[in-house]
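Open the model in your viewer and keep the selection panel at hand. Each stop below says what to select and what is there.

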Amino acid sequence: MLEVSNLTKVLPNGRKVLDGISFKVKKGEFVGILGPSGAGKSLTMRCLNGLLKPDSGSVVLTDDQGFSSDICQIKKRELRKVRQKIGVIFQGYHLVKRASVLENVMIGRLGQISTFRSLFYGFTDKEAEEAVKALEQVKMDHLSGTTTSGLSGGEMQRVAIARAIFQSPALLLADEPISNLDPSNAKVIMKLIRPLSENIPVVGVFHQPEMTAKYCTRVIAIKDGKIIYDGDPKLTNDQLVEIYGEELHQLEQHEQPVLAIQ
Amino acid sequence: MNEQLILPSAKYKHKVGYLGISLFVVVAVCIYLKYNPFLIFADFTPIQRLLGEMLPPNFSVLWQPTIGKAIAQTGSAAFLATFYGCLIAFVLAFLTAANTMPLRFIRLLVGGFLSLLRIVPPLVCILIFIIAVGLGAFSGMLALIVITVGMFGRLFTDIIENTEHSAADAIYSVGASRLQVIRYAILPQIIPSFIANCLYAFDVNIRVAISLGIFGGGGIGYALYMAMQVLHYQDAFALICLIIIMILLIEKTSDYFRTMILGKEKLR
(Lines give C-alpha, C1' and ligand atoms only; values in the text may rest on other atoms or scores of the structure.)
Protein backbone atom coordinates (compact mmCIF):
# COMPACT_ATOMS: atom_id res chain seq x y z
CA MET A 1 0.00 0.00 0.00
CA LEU A 2 1.13 3.54 -0.70
CA GLU A 3 0.26 6.30 1.73
CA VAL A 4 1.10 9.88 0.84
CA SER A 5 0.56 12.43 3.61
CA ASN A 6 0.67 16.18 3.45
CA LEU A 7 3.38 16.55 0.77
CA THR A 8 4.54 20.16 0.60
CA LYS A 9 7.21 21.70 -1.58
CA VAL A 10 8.08 25.38 -1.85
CA LEU A 11 10.40 26.68 -4.57
CA PRO A 12 13.23 29.10 -3.65
CA ASN A 13 11.14 31.93 -5.17
CA GLY A 14 8.41 31.24 -2.58
CA ARG A 15 5.94 29.52 -4.94
CA LYS A 16 4.18 26.57 -3.29
CA VAL A 17 4.25 23.84 -5.96
CA LEU A 18 2.91 21.07 -3.71
CA ASP A 19 0.43 22.12 -1.03
CA GLY A 20 -0.58 19.32 1.32
CA ILE A 21 -0.98 16.45 -1.15
CA SER A 22 -2.45 13.40 0.64
CA PHE A 23 -3.85 10.14 -0.75
CA LYS A 24 -3.74 6.39 -0.25
CA VAL A 25 -3.44 3.77 -2.97
CA LYS A 26 -4.23 0.13 -2.17
CA LYS A 27 -3.57 -3.10 -4.00
CA GLY A 28 -6.13 -3.47 -6.77
CA GLU A 29 -6.23 0.25 -7.53
CA PHE A 30 -5.05 1.91 -10.72
CA VAL A 31 -4.93 5.61 -9.92
CA GLY A 32 -4.63 8.13 -12.71
CA ILE A 33 -3.34 11.58 -11.80
CA LEU A 34 -4.72 14.36 -14.02
CA GLY A 35 -4.18 18.08 -14.08
CA PRO A 36 -3.07 20.99 -16.24
CA SER A 37 0.61 21.56 -17.04
CA GLY A 38 2.55 22.88 -14.04
CA ALA A 39 -0.09 21.64 -11.58
CA GLY A 40 2.38 19.48 -9.64
CA LYS A 41 1.65 16.00 -11.07
CA SER A 42 5.21 15.18 -12.10
CA LEU A 43 6.61 16.67 -8.87
CA THR A 44 4.32 14.36 -6.91
CA MET A 45 5.60 11.38 -8.95
CA ARG A 46 9.20 12.43 -8.32
CA CYS A 47 8.48 12.48 -4.58
CA LEU A 48 6.96 8.98 -4.81
CA ASN A 49 10.20 7.36 -6.00
CA GLY A 50 12.54 9.55 -3.97
CA LEU A 51 13.92 11.64 -6.84
CA LEU A 52 12.70 14.79 -5.07
CA LYS A 53 12.64 15.46 -1.35
CA PRO A 54 9.57 17.43 -0.23
CA ASP A 55 9.86 20.16 2.42
CA SER A 56 7.42 18.28 4.60
CA GLY A 57 5.15 15.25 4.46
CA SER A 58 5.71 11.54 4.02
CA VAL A 59 5.47 8.81 1.37
CA VAL A 60 5.11 5.46 3.11
CA LEU A 61 5.30 2.27 1.05
CA THR A 62 4.22 -0.97 2.72
CA ASP A 63 4.97 -4.21 0.88
CA ASP A 64 3.16 -7.59 1.09
CA GLN A 65 5.42 -8.69 3.97
CA GLY A 66 4.25 -5.70 6.00
CA PHE A 67 7.60 -3.89 5.76
CA SER A 68 7.07 -0.12 5.71
CA SER A 69 9.47 2.66 4.78
CA ASP A 70 9.06 6.39 4.47
CA ILE A 71 10.73 7.34 1.17
CA CYS A 72 11.08 10.97 2.27
CA GLN A 73 13.05 10.14 5.41
CA ILE A 74 15.42 7.31 4.43
CA LYS A 75 19.06 7.72 3.46
CA LYS A 76 20.66 7.00 0.06
CA ARG A 77 21.60 3.35 0.70
CA GLU A 78 18.14 2.53 2.07
CA LEU A 79 16.54 4.45 -0.77
CA ARG A 80 18.28 2.11 -3.23
CA LYS A 81 16.67 -0.84 -1.40
CA VAL A 82 13.22 0.77 -1.54
CA ARG A 83 13.63 1.58 -5.23
CA GLN A 84 14.07 -2.14 -5.90
CA LYS A 85 10.37 -2.38 -4.95
CA ILE A 86 9.21 0.51 -7.15
CA GLY A 87 8.75 -0.14 -10.85
CA VAL A 88 8.79 2.95 -13.07
CA ILE A 89 7.49 3.29 -16.62
CA PHE A 90 8.81 6.46 -18.22
CA GLN A 91 7.34 8.63 -20.96
CA GLY A 92 10.52 8.26 -23.09
CA TYR A 93 10.86 4.46 -22.46
CA HIS A 94 14.43 4.89 -21.08
CA LEU A 95 15.86 1.71 -22.62
CA VAL A 96 19.52 0.93 -23.29
CA LYS A 97 19.49 1.25 -27.09
CA ARG A 98 22.49 -0.96 -27.89
CA ALA A 99 21.39 -3.74 -25.54
CA SER A 100 18.95 -6.50 -26.57
CA VAL A 101 15.29 -6.54 -25.57
CA LEU A 102 15.99 -9.39 -23.12
CA GLU A 103 18.93 -7.56 -21.51
CA ASN A 104 16.75 -4.47 -21.10
CA VAL A 105 14.12 -6.52 -19.29
CA MET A 106 16.69 -8.18 -17.02
CA ILE A 107 17.98 -4.74 -16.02
CA GLY A 108 14.74 -4.46 -13.98
CA ARG A 109 16.25 -6.74 -11.35
CA LEU A 110 19.70 -5.15 -11.34
CA GLY A 111 19.22 -3.61 -7.90
CA GLN A 112 18.36 -7.00 -6.46
CA ILE A 113 21.60 -8.78 -7.40
CA SER A 114 25.06 -8.10 -5.97
CA THR A 115 27.22 -5.50 -7.70
CA PHE A 116 30.06 -8.05 -7.95
CA ARG A 117 27.87 -10.61 -9.79
CA SER A 118 26.36 -7.97 -12.05
CA LEU A 119 29.81 -6.68 -13.04
CA PHE A 120 31.63 -9.96 -13.60
CA TYR A 121 28.97 -12.55 -14.42
CA GLY A 122 25.64 -10.93 -15.11
CA PHE A 123 22.26 -12.66 -14.98
CA THR A 124 21.65 -16.39 -14.65
CA ASP A 125 19.85 -18.60 -17.20
CA LYS A 126 16.93 -18.93 -14.77
CA GLU A 127 16.60 -15.14 -14.61
CA ALA A 128 16.71 -15.00 -18.41
CA GLU A 129 13.87 -17.55 -18.60
CA GLU A 130 11.81 -15.44 -16.19
CA ALA A 131 12.54 -12.34 -18.26
CA VAL A 132 11.27 -14.15 -21.38
CA LYS A 133 8.07 -14.95 -19.48
CA ALA A 134 7.68 -11.24 -18.67
CA LEU A 135 8.14 -10.53 -22.38
CA GLU A 136 5.47 -13.14 -23.20
CA GLN A 137 3.02 -11.17 -21.04
CA VAL A 138 3.53 -8.10 -23.25
CA LYS A 139 3.73 -10.22 -26.43
CA MET A 140 7.32 -9.23 -27.18
CA ASP A 141 9.07 -12.58 -26.57
CA HIS A 142 9.59 -13.12 -30.32
CA LEU A 143 11.87 -10.04 -30.37
CA SER A 144 13.87 -10.85 -27.22
CA GLY A 145 17.18 -11.21 -29.09
CA THR A 146 17.00 -7.98 -31.11
CA THR A 147 18.41 -4.64 -30.04
CA THR A 148 15.87 -2.06 -28.86
CA SER A 149 17.10 0.67 -31.21
CA GLY A 150 15.03 -0.74 -34.09
CA LEU A 151 11.75 -0.98 -32.18
CA SER A 152 8.73 1.29 -32.58
CA GLY A 153 7.53 3.53 -29.73
CA GLY A 154 4.75 1.12 -28.76
CA GLU A 155 7.14 -1.85 -28.77
CA MET A 156 9.68 0.06 -26.65
CA GLN A 157 7.02 0.90 -24.08
CA ARG A 158 5.98 -2.78 -23.99
CA VAL A 159 9.61 -3.70 -23.25
CA ALA A 160 9.63 -1.08 -20.47
CA ILE A 161 6.48 -2.66 -19.02
CA ALA A 162 8.11 -6.13 -19.21
CA ARG A 163 11.09 -4.65 -17.33
CA ALA A 164 8.72 -3.45 -14.60
CA ILE A 165 6.93 -6.83 -14.50
CA PHE A 166 10.27 -8.69 -14.21
CA GLN A 167 11.28 -6.37 -11.35
CA SER A 168 8.29 -7.73 -9.32
CA PRO A 169 7.71 -4.36 -7.63
CA ALA A 170 5.46 -3.53 -4.67
CA LEU A 171 4.37 -0.31 -6.41
CA LEU A 172 4.24 0.67 -10.07
CA LEU A 173 4.61 4.29 -11.16
CA ALA A 174 3.84 5.33 -14.74
CA ASP A 175 4.99 8.81 -15.73
CA GLU A 176 2.96 9.80 -18.80
CA PRO A 177 3.40 6.33 -20.34
CA ILE A 178 1.19 6.99 -23.37
CA SER A 179 2.06 10.60 -24.19
CA ASN A 180 4.37 9.65 -27.06
CA LEU A 181 2.09 7.01 -28.56
CA ASP A 182 -0.67 6.94 -31.14
CA PRO A 183 -4.20 6.11 -29.88
CA SER A 184 -4.10 2.41 -30.78
CA ASN A 185 -0.70 1.85 -29.12
CA ALA A 186 -1.87 3.92 -26.14
CA LYS A 187 -4.82 1.51 -25.71
CA VAL A 188 -2.50 -1.50 -25.90
CA ILE A 189 -0.25 -0.02 -23.19
CA MET A 190 -3.20 0.85 -20.91
CA LYS A 191 -4.58 -2.70 -21.36
CA LEU A 192 -1.20 -4.06 -20.30
CA ILE A 193 -0.84 -1.79 -17.25
CA ARG A 194 -4.35 -2.27 -15.89
CA PRO A 195 -4.09 -6.00 -14.92
CA LEU A 196 -0.84 -5.27 -13.03
CA SER A 197 -2.91 -3.27 -10.51
CA GLU A 198 -4.60 -6.51 -9.36
CA ASN A 199 -1.46 -7.38 -7.38
CA ILE A 200 0.17 -4.02 -6.64
CA PRO A 201 -0.94 -0.39 -6.43
CA VAL A 202 -0.41 1.46 -9.71
CA VAL A 203 -0.16 5.25 -9.96
CA GLY A 204 0.15 7.01 -13.31
CA VAL A 205 0.25 10.55 -14.60
CA PHE A 206 -1.87 11.07 -17.70
CA HIS A 207 -3.03 13.82 -20.03
CA GLN A 208 -5.87 11.79 -21.51
CA PRO A 209 -9.06 11.87 -19.35
CA GLU A 210 -10.79 9.51 -21.83
CA MET A 211 -8.10 6.91 -21.14
CA THR A 212 -8.20 7.28 -17.35
CA ALA A 213 -12.02 7.05 -17.52
CA LYS A 214 -11.76 3.76 -19.37
CA TYR A 215 -8.85 2.04 -17.66
CA CYS A 216 -8.23 3.58 -14.21
CA THR A 217 -10.17 2.63 -11.10
CA ARG A 218 -9.77 6.08 -9.57
CA VAL A 219 -8.70 9.55 -10.64
CA ILE A 220 -6.92 12.21 -8.63
CA ALA A 221 -6.87 15.72 -10.09
CA ILE A 222 -4.18 18.16 -9.01
CA LYS A 223 -4.32 21.90 -9.63
CA ASP A 224 -1.98 24.57 -8.23
CA GLY A 225 -0.30 21.96 -6.04
CA LYS A 226 -3.55 20.84 -4.37
CA ILE A 227 -5.81 17.85 -4.86
CA ILE A 228 -9.10 19.21 -6.20
CA TYR A 229 -10.71 15.88 -7.05
CA ASP A 230 -10.30 12.31 -5.84
CA GLY A 231 -12.84 9.74 -6.87
CA ASP A 232 -14.62 8.11 -9.77
CA PRO A 233 -12.54 8.06 -12.98
CA LYS A 234 -15.49 9.11 -15.12
CA LEU A 235 -15.47 12.90 -15.01
CA THR A 236 -18.28 15.18 -16.06
CA ASN A 237 -17.83 18.19 -18.33
CA ASP A 238 -18.03 20.55 -15.38
CA GLN A 239 -15.37 18.60 -13.49
CA LEU A 240 -13.06 18.67 -16.53
CA VAL A 241 -13.54 22.42 -16.85
CA GLU A 242 -12.78 22.79 -13.15
CA ILE A 243 -9.55 20.79 -13.58
CA TYR A 244 -8.31 22.21 -16.88
CA GLY A 245 -9.83 25.69 -16.57
CA GLU A 246 -11.70 28.02 -18.84
CA GLU A 247 -9.58 27.24 -21.91
CA LEU A 248 -11.18 23.82 -22.19
CA HIS A 249 -14.58 25.41 -21.65
CA GLN A 250 -13.96 27.88 -24.49
CA LEU A 251 -12.83 25.07 -26.79
CA GLU A 252 -16.04 23.23 -26.06
CA GLN A 253 -18.10 26.21 -27.18
CA HIS A 254 -16.88 25.49 -30.73
CA GLU A 255 -16.74 21.73 -30.89
CA GLN A 256 -18.51 18.74 -29.53
CA PRO A 257 -17.00 17.45 -26.30
CA VAL A 258 -14.94 14.38 -26.98
CA LEU A 259 -13.21 14.05 -23.64
CA ALA A 260 -16.07 14.19 -21.22
CA ILE A 261 -18.23 11.28 -20.18
CA GLN A 262 -21.77 12.60 -19.90
CA MET B 1 14.02 38.60 -22.91
CA ASN B 2 13.98 37.68 -26.62
CA GLU B 3 17.15 38.23 -28.60
CA GLN B 4 16.94 40.87 -31.29
CA LEU B 5 16.02 39.46 -34.70
CA ILE B 6 18.88 39.71 -37.22
CA LEU B 7 17.78 39.82 -40.87
CA PRO B 8 19.66 37.74 -43.53
CA SER B 9 20.99 40.92 -45.24
CA ALA B 10 22.51 42.13 -41.96
CA LYS B 11 24.06 38.68 -41.40
CA TYR B 12 25.61 38.85 -44.90
CA LYS B 13 27.07 42.28 -44.13
CA HIS B 14 28.54 40.90 -40.89
CA LYS B 15 30.19 37.99 -42.76
CA VAL B 16 31.69 40.32 -45.38
CA GLY B 17 32.89 42.60 -42.59
CA TYR B 18 34.62 39.74 -40.71
CA LEU B 19 36.26 38.51 -43.96
CA GLY B 20 37.53 42.03 -44.71
CA ILE B 21 38.99 42.42 -41.19
CA SER B 22 40.68 38.96 -41.43
CA LEU B 23 42.27 39.86 -44.79
CA PHE B 24 43.46 43.21 -43.41
CA VAL B 25 45.09 41.48 -40.39
CA VAL B 26 46.88 38.93 -42.65
CA VAL B 27 48.21 41.66 -44.97
CA ALA B 28 49.24 43.87 -42.02
CA VAL B 29 51.13 40.97 -40.36
CA CYS B 30 52.91 40.12 -43.66
CA ILE B 31 53.99 43.76 -44.09
CA TYR B 32 55.12 44.06 -40.46
CA LEU B 33 57.19 40.84 -40.64
CA LYS B 34 58.47 41.80 -44.11
CA TYR B 35 57.24 38.43 -45.35
CA ASN B 36 56.46 37.88 -49.02
CA PRO B 37 53.64 35.29 -49.20
CA PHE B 38 54.56 34.51 -52.82
CA LEU B 39 58.12 33.54 -51.88
CA ILE B 40 57.09 29.89 -51.63
CA PHE B 41 56.34 29.88 -55.38
CA ALA B 42 59.46 31.83 -56.34
CA ASP B 43 62.39 29.47 -55.91
CA PHE B 44 62.18 25.73 -56.41
CA THR B 45 65.93 25.21 -56.89
CA PRO B 46 66.69 23.58 -53.47
CA ILE B 47 63.79 21.14 -53.85
CA GLN B 48 64.79 20.39 -57.44
CA ARG B 49 68.38 19.73 -56.32
CA LEU B 50 67.23 17.45 -53.47
CA LEU B 51 64.88 15.50 -55.74
CA GLY B 52 67.73 15.09 -58.23
CA GLU B 53 69.88 13.57 -55.52
CA MET B 54 67.04 11.33 -54.25
CA LEU B 55 66.12 9.85 -57.63
CA PRO B 56 66.20 7.01 -58.49
CA PRO B 57 65.37 5.56 -55.05
CA ASN B 58 67.62 2.74 -53.87
CA PHE B 59 65.04 0.06 -53.05
CA SER B 60 67.73 -2.53 -52.33
CA VAL B 61 68.23 -0.85 -48.94
CA LEU B 62 64.78 -2.09 -47.91
CA TRP B 63 65.99 -5.70 -47.94
CA GLN B 64 68.54 -5.08 -45.22
CA PRO B 65 67.64 -6.88 -41.97
CA THR B 66 68.08 -3.64 -39.97
CA ILE B 67 65.19 -2.05 -41.88
CA GLY B 68 62.85 -4.97 -41.12
CA LYS B 69 63.83 -4.67 -37.47
CA ALA B 70 63.25 -0.90 -37.56
CA ILE B 71 59.73 -1.38 -38.99
CA ALA B 72 58.95 -3.95 -36.31
CA GLN B 73 60.28 -1.54 -33.66
CA THR B 74 58.09 1.34 -34.90
CA GLY B 75 55.04 -0.94 -35.28
CA SER B 76 55.42 -2.51 -31.84
CA ALA B 77 56.09 0.87 -30.16
CA ALA B 78 52.91 2.28 -31.76
CA PHE B 79 50.90 -0.84 -30.90
CA LEU B 80 52.01 -1.06 -27.26
CA ALA B 81 51.63 2.71 -26.79
CA THR B 82 48.08 2.49 -28.21
CA PHE B 83 47.26 -0.47 -25.96
CA TYR B 84 48.59 1.02 -22.72
CA GLY B 85 47.67 4.61 -23.62
CA CYS B 86 44.05 3.81 -24.50
CA LEU B 87 43.67 1.58 -21.45
CA ILE B 88 44.95 4.30 -19.09
CA ALA B 89 42.91 6.97 -20.94
CA PHE B 90 39.79 4.78 -20.65
CA VAL B 91 40.13 4.40 -16.88
CA LEU B 92 40.98 8.08 -16.33
CA ALA B 93 38.02 9.16 -18.50
CA PHE B 94 35.61 7.54 -16.01
CA LEU B 95 37.26 9.53 -13.23
CA THR B 96 36.87 12.79 -15.20
CA ALA B 97 33.34 12.41 -16.61
CA ALA B 98 30.65 14.21 -14.62
CA ASN B 99 28.11 11.40 -15.03
CA THR B 100 30.42 8.71 -13.63
CA MET B 101 32.47 10.53 -10.96
CA PRO B 102 30.35 12.42 -8.41
CA LEU B 103 33.36 13.90 -6.55
CA ARG B 104 34.21 17.24 -8.14
CA PHE B 105 37.66 17.26 -6.53
CA ILE B 106 38.67 13.98 -8.25
CA ARG B 107 37.21 15.19 -11.56
CA LEU B 108 39.25 18.40 -11.42
CA LEU B 109 42.42 16.55 -10.34
CA VAL B 110 42.30 13.91 -13.07
CA GLY B 111 41.04 16.40 -15.67
CA GLY B 112 43.94 18.71 -14.78
CA PHE B 113 46.40 15.83 -15.12
CA LEU B 114 45.04 15.01 -18.61
CA SER B 115 45.31 18.69 -19.60
CA LEU B 116 48.91 18.74 -18.39
CA LEU B 117 49.71 15.71 -20.58
CA ARG B 118 48.18 17.48 -23.58
CA ILE B 119 50.12 20.68 -22.93
CA VAL B 120 53.54 18.95 -23.15
CA PRO B 121 54.57 19.04 -26.86
CA PRO B 122 55.48 15.59 -28.31
CA LEU B 123 59.08 16.63 -29.02
CA VAL B 124 59.60 17.88 -25.45
CA CYS B 125 58.07 14.62 -24.25
CA ILE B 126 60.50 12.45 -26.28
CA LEU B 127 63.45 14.58 -25.09
CA ILE B 128 62.42 14.04 -21.45
CA PHE B 129 62.21 10.27 -21.95
CA ILE B 130 65.50 10.15 -23.89
CA ILE B 131 67.17 11.80 -20.88
CA ALA B 132 65.34 9.48 -18.48
CA VAL B 133 65.68 6.07 -20.18
CA GLY B 134 68.10 6.70 -23.04
CA LEU B 135 67.93 6.73 -26.83
CA GLY B 136 65.75 4.13 -28.57
CA ALA B 137 62.32 2.63 -29.19
CA PHE B 138 61.48 2.33 -25.48
CA SER B 139 61.69 6.08 -24.88
CA GLY B 140 59.65 6.59 -28.07
CA MET B 141 56.97 4.25 -26.75
CA LEU B 142 56.82 6.00 -23.37
CA ALA B 143 56.44 9.38 -25.08
CA LEU B 144 53.68 7.93 -27.27
CA ILE B 145 51.82 6.60 -24.21
CA VAL B 146 51.83 10.09 -22.66
CA ILE B 147 50.59 11.66 -25.92
CA THR B 148 47.86 9.00 -26.31
CA VAL B 149 46.62 9.33 -22.71
CA GLY B 150 46.47 13.13 -22.99
CA MET B 151 44.67 13.18 -26.33
CA PHE B 152 42.30 10.23 -25.98
CA GLY B 153 41.59 10.73 -22.24
CA ARG B 154 39.77 13.96 -23.09
CA LEU B 155 38.02 12.32 -26.08
CA PHE B 156 36.81 9.33 -24.03
CA THR B 157 35.56 11.72 -21.31
CA ASP B 158 33.44 13.53 -23.91
CA ILE B 159 32.11 10.21 -25.24
CA ILE B 160 31.09 9.12 -21.71
CA GLU B 161 29.47 12.48 -20.94
CA ASN B 162 27.53 12.42 -24.21
CA THR B 163 25.84 9.09 -23.50
CA GLU B 164 22.05 9.10 -23.14
CA HIS B 165 21.13 9.85 -19.53
CA SER B 166 17.67 8.31 -19.81
CA ALA B 167 18.98 4.71 -19.71
CA ALA B 168 21.04 5.56 -16.61
CA ASP B 169 17.96 7.12 -14.94
CA ALA B 170 15.96 3.93 -15.57
CA ILE B 171 18.72 1.80 -14.04
CA TYR B 172 19.07 4.07 -11.00
CA SER B 173 15.28 3.86 -10.59
CA VAL B 174 15.43 0.07 -10.00
CA GLY B 175 17.88 0.59 -7.12
CA ALA B 176 21.12 -0.13 -8.99
CA SER B 177 24.50 1.19 -7.81
CA ARG B 178 26.69 3.64 -9.74
CA LEU B 179 29.01 0.83 -10.88
CA GLN B 180 26.02 -1.13 -12.19
CA VAL B 181 24.84 1.95 -14.07
CA ILE B 182 28.30 2.30 -15.65
CA ARG B 183 28.34 -1.40 -16.63
CA TYR B 184 24.77 -1.65 -17.97
CA ALA B 185 23.89 1.86 -19.22
CA ILE B 186 27.16 3.57 -20.14
CA LEU B 187 29.49 0.78 -21.32
CA PRO B 188 27.11 -0.62 -23.99
CA GLN B 189 26.84 2.90 -25.42
CA ILE B 190 30.55 3.71 -25.48
CA ILE B 191 32.28 0.40 -26.36
CA PRO B 192 31.86 0.72 -30.18
CA SER B 193 33.20 4.31 -30.12
CA PHE B 194 36.03 3.23 -27.82
CA ILE B 195 37.19 0.42 -30.14
CA ALA B 196 36.90 2.67 -33.20
CA ASN B 197 38.95 5.37 -31.45
CA CYS B 198 41.60 2.83 -30.38
CA LEU B 199 42.04 1.93 -34.06
CA TYR B 200 42.29 5.63 -34.89
CA ALA B 201 44.81 6.06 -32.04
CA PHE B 202 46.98 3.31 -33.58
CA ASP B 203 46.71 5.05 -36.94
CA VAL B 204 47.88 8.35 -35.37
CA ASN B 205 50.54 6.67 -33.22
CA ILE B 206 52.25 5.05 -36.23
CA ARG B 207 52.79 8.51 -37.76
CA VAL B 208 53.90 10.03 -34.46
CA ALA B 209 56.21 7.04 -33.79
CA ILE B 210 57.96 7.68 -37.13
CA SER B 211 58.34 11.39 -36.35
CA LEU B 212 59.60 10.69 -32.82
CA GLY B 213 62.04 8.14 -34.27
CA ILE B 214 63.75 10.95 -36.14
CA PHE B 215 64.35 12.65 -32.79
CA GLY B 216 65.87 9.59 -31.15
CA GLY B 217 62.85 7.37 -30.62
CA GLY B 218 64.34 4.55 -32.72
CA GLY B 219 62.60 2.52 -35.44
CA ILE B 220 62.09 3.42 -39.10
CA GLY B 221 62.11 7.17 -38.32
CA TYR B 222 65.60 6.89 -36.89
CA ALA B 223 66.75 4.82 -39.94
CA LEU B 224 65.46 7.61 -42.21
CA TYR B 225 67.20 10.25 -40.10
CA MET B 226 70.52 8.33 -40.28
CA ALA B 227 70.22 7.92 -44.09
CA MET B 228 69.69 11.70 -44.42
CA GLN B 229 72.57 12.45 -42.04
CA VAL B 230 75.08 10.43 -44.08
CA LEU B 231 73.68 12.01 -47.29
CA HIS B 232 72.36 8.69 -48.67
CA TYR B 233 69.38 10.47 -50.24
CA GLN B 234 68.48 7.59 -52.57
CA ASP B 235 68.24 5.26 -49.56
CA ALA B 236 66.20 7.91 -47.74
CA PHE B 237 63.74 8.22 -50.64
CA ALA B 238 63.23 4.43 -50.70
CA LEU B 239 62.51 4.58 -46.95
CA ILE B 240 60.04 7.46 -47.47
CA CYS B 241 58.22 5.35 -50.10
CA LEU B 242 58.11 2.44 -47.63
CA ILE B 243 56.76 4.71 -44.86
CA ILE B 244 54.03 6.10 -47.14
CA ILE B 245 52.92 2.59 -48.17
CA MET B 246 52.99 1.43 -44.53
CA ILE B 247 50.87 4.38 -43.33
CA LEU B 248 48.41 3.98 -46.22
CA LEU B 249 47.96 0.27 -45.49
CA ILE B 250 47.42 0.87 -41.77
CA GLU B 251 45.05 3.78 -42.42
CA LYS B 252 42.91 1.80 -44.85
CA THR B 253 42.78 -1.25 -42.56
CA SER B 254 41.90 0.95 -39.58
CA ASP B 255 39.20 2.77 -41.62
CA TYR B 256 37.74 -0.58 -42.73
CA PHE B 257 37.37 -1.88 -39.17
CA ARG B 258 36.10 1.46 -37.84
CA THR B 259 33.45 1.55 -40.58
CA MET B 260 32.46 -1.99 -39.62
CA ILE B 261 32.07 -0.99 -35.96
CA LEU B 262 30.55 2.48 -36.20
CA GLY B 263 28.86 2.51 -39.59
CA LYS B 264 29.94 4.60 -42.57
CA GLU B 265 28.20 7.83 -41.57
CA LYS B 266 30.08 8.14 -38.28
CA LEU B 267 33.58 7.74 -39.71
CA ARG B 268 35.70 10.77 -38.74
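**Stop 1: the domains of chain A.** This is a predicted model. In chain A, the C-alpha centres of domain 1 and domain 2 lie 27 Å apart. To see them, colour chain A by its domain assignment: domain 1 takes 1-85 + 171-184 + 196-262, and domain 2 takes 95-168. Now select the contact between the two. Domain 1 of chain A gives eight residues to it, and domain 2 of chain A gives seven residues. On the domain 1 side of this contact in chain A, the classes are four nonpolar, two polar and two charged residues.

**Stop 2: the open sheet.** Stay in chain A and show strands. Look for an open sheet of six strands with mixed pairing. Its order in chain A is β6-β7-β8-β3-β9-β10. Which strands are the edge strands? They are β6 (86-89) and β10 (226-231) of chain A, and each pairs on one side only. Between neighbouring strands of this sheet, the average turn is 20°, direction ignored.

Next, select residues 30-34 and 218-223 of chain A. These are strands β3 and β9 of chain A, which pair in the parallel sense over four bridges.

**Stop 3: a hairpin in chain A.** Select residues 2-10 and 16-25 of chain A. Strands β1 and β2 of chain A pair here in the antiparallel sense, over seven bridges. Then move to the turn. Five residues lie between β1(A) and β2(A) in this hairpin. Among the turn residues is A:Gly14, with a positive phi of about 95°.

**Stop 4: the domains of chain B.** Switch to chain B and colour by domain again. Domain 1 of chain B covers 8-42, and domain 2 of chain B covers 52-266. Over C-alpha atoms, the centres of these two domains of chain B are 36 Å apart.

**Stop 5: two crossing helices.** Select 45-54 and 233-262 of chain B, which are helices α2 and α10 of chain B. At what angle do their axes cross? Roughly 90°, coming within 7 Å. Angles of 65 to 115 degrees count as roughly perpendicular, so α2(B) is roughly perpendicular to α10(B).

Now show the side chains at the contact. From α2(B), display B:Leu50, B:Glu53 and B:Met54. From α10(B), display B:Tyr233, B:Gln234, B:Ala236 and B:Phe237. By class, this contact of α2(B) with α10(B) holds five nonpolar, one polar and one charged residues.

**Stop 6: where the chains meet.** Show both chains. Here 17 residues of chain B contact 21 residues of chain A. On the chain B side, select α7 (165-173) and α8 (178-217): each supplies at least two residues. The largest share of that side, seven residues, is from α8(B). The side of chain B that touches chain A counts nine nonpolar, six polar and two charged residues.

**Stop 7: confidence.** Finish by colouring chain B by pLDDT. Its mean is 86, and 96% of its residues reach 70 or more. Where in chain B is confidence lowest, and where highest? The lowest is α2(B), at a mean of 79, and the highest is helix α4 (residues 104-119) of chain B, at 93. For the model, ipTM is 0.83 and pTM is 0.76.

How values were computed:
Residues are numbered from 1 along each chain as its sequence is written. Chains are lettered from A and ligands numbered from 1 in the order in which they are written. This is a predicted model: local features need pLDDT of at least 70, side-chain atom pairs count only at pLDDT 80 or more; totals for chains, interfaces and linings use all residues. Two strands pair if DSSP finds at least two bridges between them. Axes are lines fitted to C-alpha atoms, for helices over the stretch in contact, and angles run from 0 to 180 degrees between N-to-C directions. Domain bounds come from an automatic or database domain assignment. Ala, Val, Leu, Ile, Met, Phe, Trp, Tyr, Cys and Pro count as nonpolar, Asp, Glu, Lys and Arg as charged, and the others, Gly among them, as polar. Angles under 35 degrees count as roughly parallel, over 145 as roughly antiparallel, 65 to 115 as roughly perpendicular and the rest as oblique. pLDDT is the predictor's confidence in each residue, from 0 to 100.
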